[in-house]
Amino acid sequence: DVNLAGNAVTTFSNCKFPTLSLQANGNSRFGFEELNTTDTLRLKLQNATVAFLKNINFSALKHQIGDSAAVVLSNQTLTQMSSPKNKEPR
């Protein structure tokens with residue numbers, strides 16, 4: 001579990017996680033460098049945070065995105081999100 005608040009910035013590089021839970025608020029930013037993997041990526045973003053989802057491979061994505069939060073996706077990440085195994089029932 002990673003919690004970012006108050007203009008916090010972090011970058012993950014060459015990490016492997018069974019589950020990665022990221023909660024960010026207050027103008028926080030995070031991203032990934034090199035090759036990172038997780039089975040489940042959980043995002044809870046609020047209050048003008050920005051998540052850069054590039055260089056991260058995941059099997060499942062669970063998210064809560066609040067007002068004024070932004071998620072920047074790479075082509076690879078968008079393809080992962082649109083695959084049938086990543087679709088959550090509504």
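Start by selecting Gln-80: at 14% relative accessibility, Gln-80 counts as buried, because the cut-off for buried is under 20%. Keep in mind as you look around that this is a predicted model. Colour residues 75–82 next, and you will see helix H1, where Gln-80 has its place. Gln-80 and Arg-42 are 38 residues apart along the chain, and their C-alpha atoms are separated by 15 Å.

**On to the open sheet**

Select strands E2, E4, E6 and E8. These 4 strands form an open sheet, in the order E2-E4-E6-E8, with parallel pairing. Which strands sit at the edges? They are E2 (9–13) and E8 (70–73), each of which pairs on one side only.

Zoom in on E6, residues 50–53, beside E8: the two pair in the parallel sense over 4 bridges. To find one of these spots, click Leu-53, whose bridge partner in E8 is Leu-73. While you are looking at strands, here is a handy rule: in a regular strand the side chains alternate between the two faces of the sheet.

Select E1 (residues 2–4) and E3 (residues 16–24), which run parallel and are joined by 3 bridges. Click Asn-3 here, and look for its bridge partner in E3, Gln-23.

How many bridges join E3 to E5? There are 8, and these two strands also run parallel. For a last stop, pick Ala-24 and find its bridge partner in E5, Leu-45.

Terms used. Residues are numbered from 1 along each chain as its sequence is written. This is a predicted model: local features need pLDDT of at least 70, side-chain atom pairs count only at pLDDT 80 or more; totals for chains, interfaces and linings use all residues. Side-chain values use heavy atoms; hydrogens and water are left out. Two strands pair if DSSP finds at least two bridges between them. Buried means under 20% relative accessible area, exposed over 50%, partly exposed in between (1.4 Å probe, protein chains only).
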